[in-house]
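Student: I have a model open and want to know what some of the terms used for it rest on. Can we go through them one by one?

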Amino acid sequence: MSKQPSPSHLAAIDDLLEEAEQWHVNAGDETIHAKRMGGKWRTIKWLGNSLWLLLFFGPYLRWNGRQAILWDIPDRQFHLFNVTILPQDLWMLALLLLFLAILLFAVTAFSGRVWCGFLCFQTVWTDIYTLIEERFEGTPQQRRALDKAPMDLNKFGKKLGKHTLWMLIAIWTGISFVAWFTDAYALWGNLFQFQLSSAAWITILLFTVCTYLLAGFMREQVCMWVCPYARIQGTLVDVTSIIPTYDFHRGEPRSRRKKSDADGQQAGDCVDCNQCVAVCPTGIDIRRGQQEGCIMCALCIDACDMVMDKVGRPRGLIRYESLNGLEGKACPPVYKQPRIVITSLIMFAALLGIFYGLSSIDAVDLKVLHARQPLYVLQSDGSIQNKYTLKILNKLADDVQVKISATGPKGLKITSNRLLVAQHGTVTPITTYVRVARKNLTVETQPIIFHIETVDSKEPFSSHRESVFIGPKR
Amino acid sequence: MADKNPFPGENNTGHIWDDNIRELANPIPRWWMLSWWASCAWVLIYVVIYPSLPIGDKPPPGLMGWTAIEEFKEGMAEVEAIRAKYEDQIKGMTAEQILADPGLSDYTVASVKVLYGDNCAACHGSGGQGAPGFPVIADDVWLYGGSTEKIEETIAKGRRGMMPAHNSKLSAEQIDTLANYVVGLSEGKDDPAGKALFMANACFACHGMTGTGNQAMGAVNLTDSVWRFAPGGIESAKRTIAHGVNFPSDPESREAIMPAFGDKLSANEIKKLAVYVYRLGQ
């Protein structure tokens, strides 16, 4: 399988083996101090991490004089650039959540825990926190030594610096989260004048404490014991999922240096240097196969490739591969895998719904409620009167004047027909009465359609809604 | 017993059943004990800061001075404060002026609904649809006048309908003819025989020469489609003509009494109710 190692390669293996002694598997009883090294997947991880910069800087984006993306909970409005979404349209949010949940399933089925490995806030914040730890306290070996050392001025200084920076990031995280729900600029002003609402204070405090504890201390234990997504995602992976995998056919039996052992068995490519364990942020050994602790961040691929380069063997001993691929079996193409097809269809349907919703949001929306007590009233001239409550939802930025009209039973008359101001961003109710002469009522219940149209508006809008006109039993 | 213990050194109580099931004397976990003591402390704190001891008619107040009734009153004051800006304006206005202001009129209708439900809905229905014997107030027919002043007067002073019984003066056939005449009036007919009886028995004195009624005394308009005593028709008309309304000596007489609310409700409340009633049907 492999050629005879050259002397320089043997020297490299010696170095690695010397280091290997100190790497062992995470049993949950000690802090994982993972080694950091560069590589292709580390670069991709940084790209994933940097997406979270949006959390910190997104709220400061302005659009038409207000925050571009703002969850205005007190006013029950969601601003997304030009679009204002009121609670009446929140079914689109349900579709969006459906889309994201199914996307998570589809991606996991196809390529494992991409979310966990590259995008999850727990992974990302832990990565940043351990980077800070390394900057203050040094390499994993130095950190372990420092943890064991008695407290002195040097240790105190390092710890103080680390925790201060951690806490600052945690506070900034809390404030940034709240900034999506209230005007970001005003938030900072109010923050320094101690004039935030109690809801804002509590949210900032909660996010600060949770960030500090979860990213600083809990770390991979969150993925192991707390996070429900981790378990759901684990069940979605099967033999066709392409995930970071150790090629045990090629690697085993592991050999520390010899080409073959005493039995004359051919040695594998794995030099048992434990670098894959060293870099693992959850402290597992990928060579034991797929396991719940693996967040599939692919950092072990970088480590192993580096080692393979050093010892002069081909890269890819640990690589993105399915279990089928490992056995040399072909995986069916993506479009023939039922769960990928089904999840894609659901995502497509959800997107279609959102697209329909966004394109059909009326600027002015009309709802009509027919009075129930009484259903109709007999008038002195023998005509029948029905009472309606019209609810006009105005999503425009300004108040508009609207005119109400109705079509339905012959000769109907709207008795209360004043011009009405529909206030912006809310529902304006108006009571309206419709009269129809008895002789025009041919059946007990007839359809009636109410129309509203804006008057003197820069952007003319109209809307209509069907209701019923009810008369006496015949 | 101790020397017979087959499981020495594991801190069991010596209670052993079925050879190997035994009770251990392990200490309670520390987190559990901490929670227990914290809970005990919380009980003490609670008793001290909240009114908790049921002693005497007036239980001792807690350190915080909190009571449920005070919290209720504060909540009510909050609502009153929000309403104040409307209520202050309404106080100095007549019902007519309130109706002319769409905002105040809507506010009045929304806020006085409870008052209507408490005082009026029992007879006139939750939507003014009336009930047998009690007039519909969501239509455009007003016995005593439909202006807000008249409605206020009706609510404040009450009303008492009055129509004499005619069964001692008129024969059954005559009552039948008159009833048919009254039904005909609401359908636009004018039967001469009925008209003659109508004039001869001085019905016109209250109901008018053409039967259009008189709001000053609450005499109904006989020519419109709405019946005071529903369900309308020949039988209804015959009974009313024969036994009258609120006629003291006839036990079968119709009852038509609106109680006075002037003592029960303030003038301001009556004014707002008038606005509400006015807008039930227009």
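Student: Which residues have the most contacts inside the largest nonpolar core?

Tutor: This is a predicted model. In it, A:Cys276 and A:Cys300 have the most contacts inside the largest nonpolar core, which has 46 residues.

Student: Which residues is A:Cys276 in contact with, leaving aside neighbours within four places in sequence?

Tutor: The partners are A:Ile286, A:Arg287, A:Cys300, A:Ala303, A:Cys304 and A:Ile318. Two residues are called in contact because their C-beta atoms lie within 7 Å.

Student: What is the second core, and which residues does it include?

Tutor: The second core is separate and has 43 residues, including A:Val400, A:Val402, A:Val436 and B:Tyr278.

Student: How many residues does each chain bring to the contact between chains A and B?

Tutor: Chain A gives 13 residues and chain B gives 14. On the side of chain A that touches chain B, 5 are nonpolar, 7 polar and 1 charged.

Student: How much of chain A counts as buried?

Tutor: Of its 474 residues, 29% do. Chain A has 17 helices and 16 strands.

Methods
Residues numbered from 1 in each chain as written. Chains lettered and ligands numbered in written order. Predicted model: local features only at pLDDT ≥ 70, side-chain atom pairs only at ≥ 80, totals over all residues. Nonpolar A, V, L, I, M, F, W, Y, C, P; charged D, E, K, R; others polar. Core = buried A, V, L, I, M, F, W, Y, C linked by C-beta atoms within 7 Å. Buried ≥ 20, exposed ≤ 12 C-beta atoms within 10 Å, placed from the backbone. Helix = DSSP H or I, 4+ residues; strand = E, 2+ residues; numbered from the N terminus.
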